[in-house]
Amino acid sequence: MPRLAGKVALITGAAGGQGVAEAELFVREGAAVMLTDVDAAKGEQLAARLREQGGKARFLVHDASSEQAWIDTVAATLAAFGGLHILVNNAGTIARQGIVNTTVEAWNRTLAVNLTGPLLGMKHCAPAIRDSGGGSIVNISSTAGLTAHDDAAYTASKWGLRGLTKTAVLQFSPWNIRVNSIHPGQIADTGFFQSGGDAFAQAARAAIPLHRQGTPKECADLVLFLASDESSFISGAEIAVDGGYIAAGLAGLRNRVRDEYAKSRET
Ligand SMILES: NC(=O)c1ccc[n+]([C@@H]2O[C@H](COP(=O)([O-])OP(=O)(O)OC[C@H]3O[C@@H](n4cnc5c(N)ncnc54)[C@H](O)[C@@H]3O)[C@@H](O)[C@H]2O)c1
């Protein structure tokens with residue numbers, strides 16, 4: 001039995017690394033998917049490929065920060081597939097600016113996409129999910145929503161999304177909707193990873209106890225679990241997909257410095 005048989009899912013930012021992996025997995029597990037992104041060419045291509053493989057997939061251009069776009073997208077999803085059970089708030093953006101360098105434009109844009117977007121998504125999707133018998137919302141936060149990150153707006157947005165997820169649990173549980181946040185660490189083969197640059201990637205790899213970056217599929221596997229009925233008693237959880245980065249924390253840093261010090265004493 002496919003794990004999402006009979007379910008309808010809406011995935012934002014579906015043309016990017018993790019969104020594509022989620023779309024592929026969801027379709028393989030029997031879901032009908034509404035894929036949305038601001039990148040029309042990549043999104044259309046993805047939906048066409050999934051349909052050629054026998055999947056139920058459509059694509060809509062949708063800026064996650066626009067309330068009217070959410071209203072239109074939910075209406076189009078209900079018209080196309082007759083219901084809605086799963087929302088994955090996956091779209092995200094990053095300006096890579098510290099506090100002193102942050103422009104108000106970058107701050108506002110990052111919060112609009114990464115925090116207002118999921119708020120609007122839940123505002124407009126939750127009633128439709130309730131009317132379809134309940135379901136699951138997965139908010140893609142970040143390890144930047146669990147600890148510090150260099151980008152001021154990104155960090156604020158991902159901490160905000162983690163908190164907003166808890167409010168959603170309070171308000172949507174009576175509607176039989178579970179809400180969880182996931183917190184990816186460094187995930188290769190994504191636009192985010194490419195924009196971070198080599199030095200950041202090297203340093204991050206050294207700080208990850210598993211000593212490698214994650215893959216979009218490893219995040220999508222967790223999203224699938226949280227979206228499916230297999231996680232039927234899990235709501236309000238915040239799960240890191242980070243190779244142990246957050247768990248190792250200060251002890252990881254201390255041990256690296258200790259080892260470097262010991263090495264320097266040998267030479
Ligand atoms: N890749 C990582 O290392 C990493 C780590 C932690 C968290 N994340 C989060 O994972 C999520 C997915 O990102 P990814 O890793 O696949 O990177 P990605 O850059 O490959 O994908 C992001 C997608 O979001 C889309 N997008 C950007 N602005 C949008 C908007 N206003 N409306 C709709 N879509 C928009 C982009 O077009 C792109 O397709 C993001 O929320 C990101 O913050 C990524």
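Biologist: What is the relative accessible area of Glu 230?

Modeller: It is 44%, so Glu 230 counts as partly exposed. Buried means under 20% relative accessible area, exposed means over 50%, and partly exposed is in between, with a 1.4 Å probe and protein chains only.

Biologist: What sort of model is this, and how are residues numbered?

Modeller: It is a predicted model: local features need pLDDT of at least 70, side-chain atom pairs count only at pLDDT 80 or more, and totals for chains, interfaces and linings use all residues. Residues are numbered from 1 along each chain as its sequence is written, and side-chain values use heavy atoms, with hydrogens and water left out.

Biologist: Back to charges. How many salt bridges turn up in the whole structure?

Modeller: The search finds 12. The criterion is a side-chain nitrogen of Lys or Arg within 4 Å of a carboxyl oxygen of Asp or Glu.

Biologist: Which residue pairs with Glu 230?

Modeller: Arg 3 does, through a salt bridge at 2.8 Å, N to O. Arg 3 sits in the segment before β1 (8–11), and Glu 230 in the loop between α8 (216–227) and β7 (238–241), so the pair ties together parts 227 residues apart in sequence. Helices (H or I, at least four residues) and strands (E, at least two) are DSSP runs, numbered from the N terminus.

Biologist: And Arg 3, what is its relative accessibility?

Modeller: It is 34%, which counts as partly exposed.

Biologist: Which residue does Lys 166 meet in a salt bridge?

Modeller: Glu 238, at 2.7 Å, N to O. Lys 166 lies in helix α5 (residues 152–172) and Glu 238 in strand β7, so this pair links parts that are 72 residues apart in sequence. Lys 166 is partly exposed at 32%. Glu 238 is partly exposed too, at 31%.

Biologist: What about Asp 221, which partner does it have?

Modeller: Lys 217, with the closest N and O atoms 3.0 Å apart. Asp 221 is partly exposed at 30% relative accessibility. Lys 217 is partly exposed at 40%.

Biologist: Which residues do shared partners join into one network?

Modeller: Arg 162, Lys 166 and Glu 238.

Biologist: Stay on α5. How far does it reach?

Modeller: Its 21 residues span 30 Å from first C-alpha to last, close to the 30 Å expected at 1.5 Å a residue. The expected span is 1.5 Å times one less than the number of residues.

Biologist: What does Asp 151 reach at the start of α5?

Modeller: A side-chain oxygen of Asp 151 comes to within 3.0 Å of the backbone nitrogen of Ala 153.

Biologist: New topic. How much space lies in the second largest pocket?

Modeller: About 210 Å³. Of its 15 lining residues, the closest to the centre are Gly 135, Asn 176, Ile 177, Arg 178 and Ser 232. The elements giving two or more residues to that lining are β5 (135–140) and β6 (177–184).

Biologist: How are pockets and cavities found?

Modeller: The search runs on a 1 Å grid over the protein atoms alone. A cavity is a set of points where a 1.4 Å probe fits but cannot get out; a pocket is an open set with protein on both sides within 12 Å along at least five of seven lines. Lining residues have an atom within 4 Å of a point. Grid points are joined across faces, edges and corners, and a volume is the space filled by probe spheres set on the points.

Biologist: How many cavities of 30 Å³ or more are there?

Modeller: One. The largest cavity holds about 30 Å³. Its lining includes Thr 12, Trp 70, Asn 89 and Pro 118. Helix α4 (residues 104–131) gives the largest share, three residues.

Key
A polar contact is a pair of N or O atoms within 3.5 Å; within protein, one must be able to donate a hydrogen and the other to accept it, and residues adjacent in sequence count only if both atoms are side-chain atoms.
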